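Dear colleague,

I am passing a structure on to you with this message, and I would ask you to open it before reading further. My notes on what was found in it follow below.

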Amino acid sequence: VSLLLQGKQLTVFVANNKIQVLSEKLEYWKTFICHHELDSFSKLKDFVDVNGNVNECGFLNIYDKICQSDIDFQDKEKLLNLASEVKDYDFSQLECGIIHGDIFPDNVLFDENNNIKAILDFNESYYAPFIFDIAVVINFWIKINKYDFFTENNFIRDFLNYYSKQRKITNQELKVIDLACKKVALTFIFLRLYREKIENSYQK
């Protein structure tokens, strides 16, 4: 699917089992893009929420279910304590828009010169604070490599500087970026725990 978004051509590759959800979202977006109504992206919030994205309410819902369950897992107390630190912060007060929601390295294709050629797998995209995508990149493109302190911070600094050339990061976003990184990491951890240990137990 080729889509012109904010003056840039974007190539989206889809898997067969995701075509229906993606096509619905793309058609919905194109309605606004073709009429130059990019501000109307805020209207997508209700549309994407019903498709089951793990938004703010989804995180709290899964966190509550895990707290109420008797399942055991590694570092349970530590993870729940971290979640209690971030669960009440309202990220929706930050700048929002359509985010990818799953911008892991395996969803980005590069050429032999390390130029980005395509971004894949948009079925998790939804209307949310931009900082969530930023946090995914910091967590799963940089921190996961366990660089030394100075190397890691240099990579994060460079990433944020290049990102700001496309959309200037606000001071408020910079203040809570560590909190957002914790929130995003916990979201993926808790979602996996929920699906493997709670949801599967119900199905059995």
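A crossing of two helices is called left-handed if the near helix is turned anticlockwise from the far one by less than a right angle, and right-handed if it is turned clockwise. Please keep in mind throughout that this is a predicted model.

In that sense, helix 5 passes helix 6 in a right-handed crossing. The axes of helix 5, residues 131-142, and helix 6, residues 149-164, come within 11 Å and cross at roughly 145°. Helix 5 contributes Ile-134, Val-137, Ile-138 and Ile-142 to the contact, while helix 6 brings Glu-152, Phe-155, Ile-156, Phe-159, Leu-160 and Tyr-163.

Helix 4, which covers residues 76-86, has Leu-79, Leu-80, Ala-83 and Val-86 as its buried residues. Seen down the axis of helix 4, these buried residues fall within an arc of 125°, so they line one face of the helix. On the face turned away from that buried side, helix 4 carries the exposed residues Glu-77 and Lys-78.

The last point concerns a loop residue. Asn-107 lies in the loop between strand 3 (96-99) and strand 4 (108-110), and, with a relative accessible area of 8%, Asn-107 is buried. If its neighbours within four places in sequence are left aside, Asn-107 is in contact with His-100, Asp-102, Ala-118, Ile-119, Leu-120 and Asp-121.

With kind regards

Terms used: Residues are numbered from 1 along each chain as its sequence is written. This is a predicted model: local features need pLDDT of at least 70, side-chain atom pairs count only at pLDDT 80 or more; totals for chains, interfaces and linings use all residues. Side-chain values use heavy atoms; hydrogens and water are left out. Axes are lines fitted to C-alpha atoms, for helices over the stretch in contact, and angles run from 0 to 180 degrees between N-to-C directions. Helices (H or I, at least four residues) and strands (E, at least two) are DSSP runs, numbered from the N terminus. Contact means heavy atoms within 4.5 Å. Buried means under 20% relative accessible area, exposed over 50%, partly exposed in between (1.4 Å probe, protein chains only). The arc is that of the directions from the helix axis to the C-beta atoms.
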